[in-house]
Amino acid sequence: MKNIIYIITLFSLCTFAQNKYLTKTGIIEFEASVPSFEAVEAKNKAVTAIINGDNGEFAALALIKGFRFKNALMEEHFNENYAESDIYPKAKFKGNIIDFSIDSLTKESTSFFIHGELEFHGKTKILKDIALDITFDNDVIKITGEFLVNASGFDIKIPKIVSNKIANDIKVSFEFELKKK
C-alpha cells in the first residue's frame, strides 16, 4: 500500500511539474472541393489540444459530429455515409514537434515540423514533416498549419455518382491557442 501511494504521489508530481498548455476551442477545417462544384468544406471550433512545453509532445482530439458545413444535407451525408461518426466518433492526433524549445518562441512566428499519428475512421496513419507556425505571447502558444490527407487512405468510400464533385485529397488546416494549464 505504501508503494502504491508513493507511485501515485510521484506520478502527480511529474504531471504537475510539466509545462502544459491546453485549449478546448481549437479550430480544424477541411476542404475537399473540386472546381466548378459546390464547396465541400467544414469547420470544427471545439477541438481539444494539449502541448507539453518541456518537450513538444502534442495531442489533439476532435469530435466528428462537431464539424459544421454550410449545407445541412452535406453535413448529414458526411456523418452518416463518409465519416460514419456513430461508429467512429473521434479523430485523434498525437505527435512530437521536432526540435521544440519553448525558450525559442516569441511573438514572431517560428517554423517547426511535427511528426505523429492521425487516427480517423478506424485507421491510423503516420504523418511526417507537417509544417507549423508557432508564436508565444502572454503565456499563450498559438499553433497553425495545414496538411493533405487522402480519403481512400482512411477507407472513406466516395460513391461514383459524386466522385467528380468531391476531391480524394483533403486539405486540413488547424489553429490552436493553448493557455497554461
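So, quick one to start: are F58 and F93 buried or exposed? F58 is buried, and F93 is too. Keep in mind that what's on the screen is a predicted model.

Okay, aromatics. There are 12 aromatic pairs in this structure. Take F58 with F93: they pair up in a tilted arrangement, with 6.4 Å from centre to centre and 50 degrees between the planes. And this pair ties together distant parts of the chain, since F58 sits in strand β3, residues 57-63, and F93 in strand β4, residues 90-97, which puts them 35 residues apart.

Now over to F100 and F112. Their ring centres are 5.7 Å apart and the planes meet at 45 degrees, so we call that pair tilted. Here again distant parts of the chain get linked: F100 is in the loop between β4 and β5, F112 is in strand β5, and the two are 12 residues apart.

F58 belongs to an aromatic cluster along with F93, F147, F174 and F176. If you skip its neighbours within four places in sequence, F58 is in contact with A49, I50, I51, F93, K94, G95, I114, I143 and F176.

Then there's the core. How many residues does the largest nonpolar core have? That's 49, and the ones with the most contacts inside it are I51, F58, L132, I134, I141, I143 and F176.

Conventions:
Residues numbered from 1 in each chain as written. Predicted model: local features only at pLDDT ≥ 70, side-chain atom pairs only at ≥ 80, totals over all residues. Heavy atoms only, no water. Phe/Tyr/Trp six-rings, centres within 6.5 Å; stacked < 30°, edge-to-face > 60°. Helix = DSSP H or I, 4+ residues; strand = E, 2+ residues; numbered from the N terminus. Buried < 20%, exposed > 50% of the residue type's maximum accessible area, 1.4 Å probe, protein only. Core = buried A, V, L, I, M, F, W, Y, C linked by side-chain atoms within 4.5 Å. Contact = heavy atoms within 4.5 Å.
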